[in-house]
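Q: Could you walk me through how the features of a structure like this one are read, beginning with a ligand site and ending with a pair of packed helices?

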Amino acid sequence: MRVAGPVQHTAYRSEWGLLIRPLLGMRDWRYDFKKGECIMFHEDRCTVCGDCLSWCPYIEIDEEDARKEFKKIIDGDPSRVISECVSCMGCDEICPEKANPFSLIIKRQEAQGEFKRFEKAKQNMELAYSMPSEIRTGSEDGPVIDLCTVWPMTPHLFEGVLFEGATFLKGGRYFCGIGFYHIGMESPVEEHAAAVVEEVARCGAREIVCFHDDCYTFFKVKAPEFGVEVPFRVVSWPEFLYRRMKELEERIRPLDVSVAYQRPCASRYTPEKDAFVDDLFELIGARKPSRSFEGVRALCCGGSLVPRDYEMSNRIKHQNLKDAADAGARIMVTLCPMCFLNLRKRAPEHNLLLTTISDLCRAALGEIAIG
Ligand code: SF4
Ligand code: SF4
């Protein structure tokens with residue numbers, strides 16, 4: 001059995017932070033969900049205020065129309081929102097009543113067959129479940145890291161002291177499928193949920209580290225919502241990196257640099273990991289500049305917008321990178337490998353260096369140079 005190292009003090013501080021959030025009136029509802037709690041729209045909570053749609057960065061709509069359109073969606077009437085929604089998941093985090101508007105929108109999208117517009121992406125994701133799978137075994141006491149099917153996008157990332165002794169789970173048997181949400185489909189994720197959890201559990205680890213934020217969201221939130229018990233502790237990538245860097249603290253050379261953070265869509269469902277990002281930044285001497293598109297207001301990397309609206313994708317990438325550069329960032333760091341690939345080419349136009357959060361750690365350890 002492989003067990004990752006002990007959680008450090010600051011990590012516990014973050015967990016305590018989660019516990020007191022409800023007392024402070026902060027949203028912590030993802031942590032007390034029951035089966036189906038978050039995957040369902042709570043019509044009884046919805047005041048039809050329209051905030052979810054009028055806030056949306058991807059749909060042009062005024063407040064009055066937002067209220068009208070959302071009422072249509074509730075009633076099952078045709079609404080332009082169903083085809084214009086880019087499935088960023090953001091309105092579920094924004095809704096002041098915790099009514100889960102996106103949970104309703106995606107059901108309407110799937111019922112309306114919106115995914116038929118993205119046949120190629122759908123086929124690719126269906127094929128992902130049958131990608132060759134393997135376990136690359138590390139040392140007995142090393143962490144077990146789920147690389148899902150995304151690791152070939154950034155295969156160079158898993159080198160160096162951070163990953164010494166790690167066991168890697170790779171391939172289609174571990175595919176979480178959260179990408180289906182971006183084409184307006186939820187049912188494949190639910191259909192495969194029990195099999196994916198069972199496959200990962202088969203390795204016998206008490207803790208599973210998720211490289212991809214989508215996988216973390218799948219195990220932490222979606223699988224339990226579908227009624228699938230997850231018999232291991234799930235560790236987010238920022239928590240894993242923070243823990244490893246604490247173990248290696250004596251080797252850290254503070255970076256003393258301004259770094260913008262690209263928050264991925266899946267973090268809408270698992271915002272607790274943001275505390276580990278902040279702790280990690282502090283540990284390695286990275287300063288987060290004050291940005292417009294930070295935290296709950298984070299913009300999509302543009303990847304899920306490409307097949308829907310190429311122009312919009314470019315515009316959002318530009319807004320996002322410009323905002324980071326204007327705020328004084330020299331580097332933009334991504335958690336998700338998709339965000340890295342989508343923003344990589346455009347970042348230099350804004351004099352930004354794009355890198356991943358693990359490579360930022362490796363730079364702080366003196367293993368690689370960035371910038
Ligand atoms: S889902 Fe939330 S934000 Fe949207 S109309 Fe209902 S209460 Fe308002
Ligand atoms: S999921 Fe995103 S794109 Fe869709 S309505 Fe909500 S905020 Fe807008």
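Q: How many residues surround ligand 2, and which are the closest?

A: This is a predicted model, in which local features need pLDDT of at least 70 and side-chain atom pairs count only at pLDDT 80 or more, while totals for chains, interfaces and linings use all residues. Residues are numbered from 1 along each chain as its sequence is written, and chains are lettered from A and ligands numbered from 1 in the order in which they are written. A residue is near a molecule if its C-beta atom, placed from the backbone, lies within 6 Å of it; here 14 residues surround ligand 2, the closest being Cys56, Cys85, Cys88, Gly90 and Cys91.

Q: Where is methionine 89, and is this residue buried or exposed?

A: A residue is buried if 20 or more other C-beta atoms lie within 10 Å of its own, exposed if 12 or fewer, and partly exposed in between, with C-beta atoms placed from the backbone. Methionine 89, in the loop between α4 (80-84) and α5, is buried, having 24 such atoms within 10 Å, and its phi is near 75°, a positive value in a residue other than glycine. Helices (H or I, at least four residues) and strands (E, at least two) are DSSP runs, numbered from the N terminus.

Q: What is the phi of cysteine 148, and in which strand is this residue found?

A: Cysteine 148 belongs to strand β2 (residues 144-148) and has a positive phi of about 50° although it is not a glycine; with 27 C-beta neighbours inside 10 Å, cysteine 148 also counts as buried.
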